[in-house]
Amino acid sequence: MTFELSDRVETVPPSGIRRFFEIAEERDDVISLGVGEPDFATPWAARDAAITSLEQGKTSYTANRGKRELREAIADYVADRFDLGYGADEEIIVTAGASEAVDLAFRAFVDPGDTVAIAQPAYISYEPGVIFAGGDVLPVPTKEEDDFRLTAEALEAAGAADADVLVLCYPNNPTGAIMPAADLEPVAAFAREHDLTVFSDEIYAELTYDGEHTSIATLPGMRERTIVFNGFSKAHAMTGLRLGYALGPADAIGAMNKIHQYTMLSAPTTAQYAALEALESCDDDVREMVAQYDRRRQFVLTRFREIGMDVFEAKGAFYCFPEVPEGFTAEEFAEEVLREQGVAVVPGDVFGEGGAGHLRISYATGLEDLRRALNRIEAFVEEHA
Amino acid sequence: MSEREVLELLRENARYSTADIARMTDLEEREVEATIEELEATDVVRGYQAVVDWDKLEDERVRAEVELNVTLDRETSYDDIAERLARFPEVKALRLISGDYDFDMEVEGDSIREVSQFISEKVAPVPEITQTVTHYVMASYKENGIELGDGEGDDRLSFSP
């Protein structure tokens, strides 16, 4: 027999980077700049706490919303770092990665026929998430000349005034763009004026290299209409431990918890112990990793300019987003540089509108590999220019 | 500020080229060169050495941590004793420390015999030294902040979103 797939699953196209995996398999000397996760291991203190919790047999479910101690630590952390005030009791939910939190939000707040505007280029999971929830996607392209920041004009032009939800991800994957407070204001005003709910994915908030990260939820009139997503994957290098959280008004988090309690029950217990320790004692590790990323960022940006490829000044996450040289599409460049030079990069088209003609370069890789990879890209560009 | 940054990078890897340090710090290459020259001229940077995992080599290398107790008198200070000991090439590190003994001395040699002889013939006879306790290093797990294990490797997928 063959399974008859649901329309929702059939509607979502297969992942655009799948075929690059196969090409990468053919060579054994590939240096990957295509990785969307830290190259650091989780800080040892956090790993140690996870091990200790296992030794002590702490392997049962936790409260649906996560261990109370962890929620309290998250409340203190987001207040201290990002000026976000959320109560541990009802306004925070701990999830299996920020990805689960995003999915919960789509399912909790999007009805069939609802429109979800997504500022693009953007992390590839939002669009399928909306479709799985039965909603319609409205891409809102951002432009390189705006440093890939979202503007009220772009929202207007895309028709986002009629949308129900707006999804933001800053610092941005894949561009490395950030949205300082002054740029968030007009977006917040647009959301208030047109009564949009805002989903703000701030998973890269700690990885901001110019000034401090501002959450849109801290702007006037925004807290009541915003869900903030964050987690431990990026700043605390805990991707495989799967731990994130959402912050929002009590009724919103309650609705998300309703889905979470039936589908996930509770986020991984071991990871919750690691996360608690990460918040309690790993600030220095985070600072050190951020300092490393920042050096690599400057190294990579400088090298692209030396090579003669245009690249805007990415100031967040661990990505930069150079333009491919003339004569190539992003897809062609990515495929050929992988085949000929063994450097893996992701074509920008994969991340939606506004990404065409660009490459996502991840610098979550040691400096030595970055140096070699950029030399190879340089050789490739010289040969084909 | 740039001095601190350059120093940090040299401590991370003293073989970074000045061009790469410039790229990472957004400084001009000649600024980096000048900063390094200044750090060297003012003796802030005293040298550059490789971090060696001796277990990976055939030749034996013997190292010992030696506790030293001393007595001082009006003419002899800790500095006097230290200067005298530090001149021996066998002494790789020498620190005055708090606690049960006075100096912590790292000694290196080609064989246990050589190191033992050095302690008994050159160090113990120094009149101010009242006691030596020699601990031979049996295994080393981390040197200069670098772990000597087999490493954790990179098992990440070559592409992830």
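**Entry 1: a proline in a loop**

I started at Pro121(A), which sits in the loop between strand 3 (115–120) and helix 6 (126–132) of chain A. For my own reference, helices (H or I, at least four residues) and strands (E, at least two) are DSSP runs, numbered from the N terminus.

**Entry 2: ground rules**

This is a predicted model, so I noted its limits: local features need pLDDT of at least 70, side-chain atom pairs count only at pLDDT 80 or more, and totals for chains, interfaces and linings use all residues. Residues are numbered from 1 along each chain as its sequence is written, while chains are lettered from A and ligands numbered from 1 in the order in which they are written.

**Entry 3: another cis bond**

I found a cis peptide bond between Asn173(A) and Pro174(A) too, with omega about 20°. Pro174(A) belongs to the loop between strand 5 (165–169) and helix 8 (181–193) of chain A.

**Entry 4: positive phi**

Next I checked backbone angles. Asp147(A) is not a glycine, yet its phi is positive, about 55°. I located Asp147(A) in the loop between strand 4 (136–141) and helix 7 (152–158) of chain A. Is it buried or exposed, or something in between? I needed the cut-offs here: a residue is buried if 20 or more other C-beta atoms lie within 10 Å of its own, exposed if 12 or fewer, and partly exposed in between, with C-beta atoms placed from the backbone. Asp147(A) has 17 C-beta neighbours inside 10 Å, so it counts as partly exposed.

Arg242(A) also has a positive phi of about 55° without being a glycine. I traced Arg242(A) to the loop between strand 7 (226–231) and strand 8 (244–247) of chain A. Arg242(A) is partly exposed because 19 other C-beta atoms lie within 10 Å.

**Entry 5: Ile92(A) and its surroundings**

I picked Ile92(A), which is in strand 2 (residues 92–95) of chain A. It has 23 other C-beta atoms within 10 Å, so it is buried. What does it touch, leaving aside its neighbours within four places in sequence? I listed Arg65(A), Arg71(A), Ile74(A), Ala75(A), Tyr86(A), Tyr245(A), Leu247(A) and Ile253(A). Here, two residues are in contact if their C-beta atoms, placed from the backbone, lie within 7 Å. I also looked up Gly254(A): it is 162 residues from Ile92(A) along the chain, but their C-alpha atoms are separated by 9.1 Å.

**Entry 6: helix 5**

I checked the length of helix 5 (residues 97–109) of chain A. The expected span is 1.5 Å times one less than the number of residues. For the 13 residues of helix 5 of chain A that should give 18 Å, and the end C-alpha atoms are 19 Å apart, which agrees. How many of its 13 residues are buried? I got 12, so helix 5 of chain A is mostly covered. Among the buried ones I noted Gly97(A), Val102(A), Leu104(A), Phe106(A) and Phe109(A).

I saw 33 residues of domain 1 of chain A in contact with 40 residues of domain 2 of chain A. On the domain 1 side of chain A, helix 11 gives the largest share, 6 residues.

**Entry 7: chain A meets chain B**

Here 23 residues of chain A are in contact with 12 residues of chain B. Helix 11 of chain A gives the most to the chain A side, with 5 residues.

**Entry 8: chain B on its own**

I noted 5 helices and 6 strands in chain B. Its C-alpha trace spans about 65 × 40 × 30 Å along the principal axes. Of the 161 residues of chain B, 16% count as buried.
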